[in-house]
Amino acid sequence: MLANSLIELDRAHLIHPVSSYRGHEKLGVRVLRSAKGATVTDASGHQLVDGFAGLWCVNAGYGHESIVEAAARQMRELPYATGYFDIGSEAAIRLAAELADRAPGDLNHVFFTLGGSDAVDSTVRFVRYYWHAKGKPERDQFISIEQGYHGSSTVGAGLTALPGFHAGFGVPFDWQHKIPSPYPYRNPVGEEADAIIAASIADLKSKIEAIGAERVAAFYAEPIQGSGGVIVPPKGWLKAIRDLCSQYDILFIADEVITGFGRTGPLFACSYDEIVPDFMTTAKGLTSGYVPMGAVFMSDRVYDVIADAAGSAAVGHGYTYSAHPVSAAVGLEVLKLYEGGLLENGIKAGARLMEGLESLRDHPLVGDVRGRGMLAAVELVVDKIKKTPLPSAAAPARRIFDRAWDNGLVIRAFAHGVLGYAPPLCCTDGDIDAILERTQKTLDQTLEDPDVREAMR
């Protein structure tokens, strides 16, 4: 009765993010009741391994009492402190210092936000301020990558290059430009690393020159493209792009909202290619999703330009909940857990996950397996030679997600037939094995679908 009542209340009142409103009304909500470790339980008592860590974010796993206690203790002592008027809280100050100490290179300044989307929006504001301070307001053009994701705010959705975030919203804006994704599995130049890197460099050069190098303000890239289908560029790609941006004096923003905090192995994915961006955006794993928080890391060089230009005047950008003390207290505790064993366990679990997913390459529907650490994807096709995606009639996003759910597994099922994985770093061998076994079962069931069989003929 309670579950039925909640379904009706949800249907009548709660607008869900990135959903078909009418479709959701018809289907009804799946109510989650509890969670522990890597397992979630719905209102009917059905248990599932969360192979997607909520929304790429519950990196530490569910049910850590020390995180709950850190939040409760902070709420008792100081539940809120504004960052305006030169006021602050110990938790936020300490978290900024701890993060700066661990960040790449000279990313020594941290601006806290509520999440990833407003972290990206904040970088756009800071980038514009920087170029105005440099006396070059004409540098107002931004470049990102096709199939990239940089949030769903008004500005961020334009930097995002996924059609579903553009349709009906009047974005991207004319100052937001794109270059092709490196996408090794479907790159026109093939899957060889040097060819992909050379093609991307040529694409970026061409775009910069078409816009005018004196007009380009910034370039945005995810170390691994998440919502575009977990697209993993070859080793050296990110560094080559970053170096090119430096040559043109274009600010480079690494969007680590998904990849940060152990998702790919190290605390930050930028370390894989040994780069130091001008800005780095984070969220999700920053608090392991327990409370909202994001962060913009800013380099010394950029910070000094902005600070010197402003002088005694205020830099007019901020949020009511910037540097929220409860979120900061959670962030400090989560960081302790990462460095107290979760990062190490995530590397071990990630190797087991990737090895298991690689073993599925022989399945008739598997065209590609890719990933790094606890971030992975399996791309499904009906023809391995031609790399033909699953037919739209098979409704892969809906059908595969539902089937995996029934099999006790939460994954991300993308509309183009890619299965996304981002399990919590706390996963045991048993959790990883369950993800793999339930994936195999889901694939076998999908292989028996008449519309899939027909497409394979």
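Domain bounds here come from an automatic or database domain assignment. The model is predicted. Under that assignment, the protein is divided into domain 1 (31-63 + 342-456) and domain 2 (66-340). The centres of domain 1 and domain 2, taken over C-alpha atoms, are separated by 27 Å. Domain 1 contributes 35 residues to the contact, and domain 2 contributes 32 residues.

Helix α6 (residues 116-133) meets helix α10 (residues 300-310). Their axes come within 9 Å and cross at roughly 65 degrees. The crossing of α6 and α10 is left-handed. From α6, the contact draws on Phe126, Tyr129, Tyr130 and Ala133. From α10, Arg301, Val302, Val305, Ile306, Ala309 and Ala310 take part. By class, the α6 contact with α10 holds nine nonpolar residues, one charged residue and no polar ones.

Helix α9 (residues 237-247) was examined for burial. Its buried residues are Trp237, Leu238, Ile241, Arg242, Leu244 and Cys245. These residues lie on the same side of α9, because they cover an arc of only 160 degrees around the axis. In general, an α-helix has 3.6 residues a turn, so residues three or four places apart point the same way. Just after α9, Asp249 takes a positive phi of about 60 degrees.

How values were computed
Residues numbered from 1 in each chain as written. Predicted model: local features only at pLDDT ≥ 70, side-chain atom pairs only at ≥ 80, totals over all residues. Heavy atoms only, no water. Axes fitted to C-alpha atoms, helices over the stretch in contact; angles between N-to-C directions. Helix = DSSP H or I, 4+ residues; strand = E, 2+ residues; numbered from the N terminus. Left-handed = near helix turned anticlockwise from the far one by under 90°. Contact = heavy atoms within 4.5 Å. Nonpolar A, V, L, I, M, F, W, Y, C, P; charged D, E, K, R; others polar. Buried < 20%, exposed > 50% of the residue type's maximum accessible area, 1.4 Å probe, protein only. Arc of directions from axis to C-beta.
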